[in-house]
Amino acid sequence: MKSPLHGANGMKKENATMENETRKKTEEALAEIYRNAQLALQSIADILPQVEDEETKTELHAQHEQYEHFSAKAAMLAKDKDIELKEPNMFKKAMMWSSIKMNTLTDNSRAHIADMMVQGTVMGVTSLRTTANDLSPDGDQEIVALLDEMIKTEEQFEKKWKEFL
């Protein structure tokens, strides 16, 4: 016969497992915010030297500042919450760099740069939305709020770049 205590211990283990899963998903969300910001910063840094149009340069600089904000905020939250963030894969950065160089070699027009930025931004929004959908509403509210803010910001960036097409 099972003691009443056995049921309580089982419930505690189940709650602990759910809390660990929630923490893990929240940490993954913060890592995704940071990774997304870092890749965007790298992309902008790679594209800027190819850009001749002043309005496009101005927009790239403004968006770079926003991504710096997200990167710094994510790093600060990670430090406060004792979460380790990893830099994006060097191979991925090298592939991005070569793709950008090849794409702008023959066409560095405003519309082409905007199209490249729309594609990158859509990938970022998709990745962030997937992460948001995996999050528990019980996750760390600061991280959830930062994720929501980044999604909204990237959606605004996408809309802005479409004006350049």
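This is a predicted model: local features need pLDDT of at least 70, side-chain atom pairs count only at pLDDT 80 or more; totals for chains, interfaces and linings use all residues.

Q: What secondary structure does the protein have?
A: Five helices and zero strands. Helices (H or I, at least four residues) and strands (E, at least two) are DSSP runs, numbered from the N terminus. From the N terminus on, the order is α-α-α-α-α.

Q: Is the protein compact or spread out?
A: Spread out. The radius of gyration is 20 Å, well over the 15 Å that the globule rule gives for 165 residues, so the protein is more spread out than a compact globule. That radius is taken over C-alpha atoms, and the rule is 2.2 Å times the number of residues to the power 0.38.

Q: What does the C-alpha trace span along its principal axes?
A: About 80 × 30 × 25 Å.

Q: How much of the protein is buried?
A: Buried residues make up 38% of the 165 residues. Buried means under 20% relative accessible area, exposed over 50%, and partly exposed in between (1.4 Å probe, protein chains only).

Q: New topic. Which residues touch the most other members of the largest nonpolar core?
A: L30, I33, I47, L60, Y67 and W161, out of 36 residues in that core. A nonpolar core is a set of buried Ala, Val, Leu, Ile, Met, Phe, Trp, Tyr and Cys residues joined through side-chain atoms within 4.5 Å.

Q: Which elements give two or more residues to this core?
A: Helices α1 (4-47), α2, α4 (110-134) and α5 (141-164).

Q: What does L60 touch?
A: Leaving out residues up to four places away in sequence, L60 touches I44, I47, L48, V51, M117 and W161. Contact means heavy atoms within 4.5 Å.

Q: What share of the contacts with a separation of 6 or more is between residues 24 or more positions apart?
A: 82%.

Q: Are L41 and S71 buried or exposed?
A: L41 is buried, at 9% relative accessible area. S71 is buried too, at 7%.

Q: What else do they touch?
A: Again skipping residues up to four places away, L41 touches H64, Y67, E68 and S71. On the same terms, S71 touches Y34, A37, Q38 and L41.

Q: Now α3. How long is it?
A: Helix α3 (residues 90-105) has 16 residues and reaches 22 Å from first C-alpha to last, close to the 22 Å expected at 1.5 Å a residue. The expected span is 1.5 Å times one less than the number of residues.

Q: Which residues of α3 are buried?
A: K93, M96, I100 and T104. They cover an arc of only 60° around the axis, which puts them on the same side of α3. The arc is that of the directions from the helix axis to the C-beta atoms.

Q: What's on the other side of α3?
A: F91, M102 and L105, which are exposed.

Q: And α4?
A: Helix α4 has 25 residues and reaches 36 Å, close to the 36 Å expected. Its buried residues include H112, M117, G124 and S127.

Q: Tell me about S127.
A: S127 is buried at 18% relative accessible area. Beyond its neighbours within four places in sequence, S127 is in contact with E32 and R35. Its C-alpha is 9.5 Å from that of I151, 24 residues apart along the chain.

Q: Last one. What is the phi of D82?
A: Near 55°, a positive value in a residue other than glycine. Most residues other than glycine have a negative phi. D82 lies in the loop between α2 and α3, and at 68% relative accessibility D82 counts as exposed.

Note on methods
Residues are numbered from 1 along each chain as its sequence is written. Side-chain values use heavy atoms; hydrogens and water are left out.
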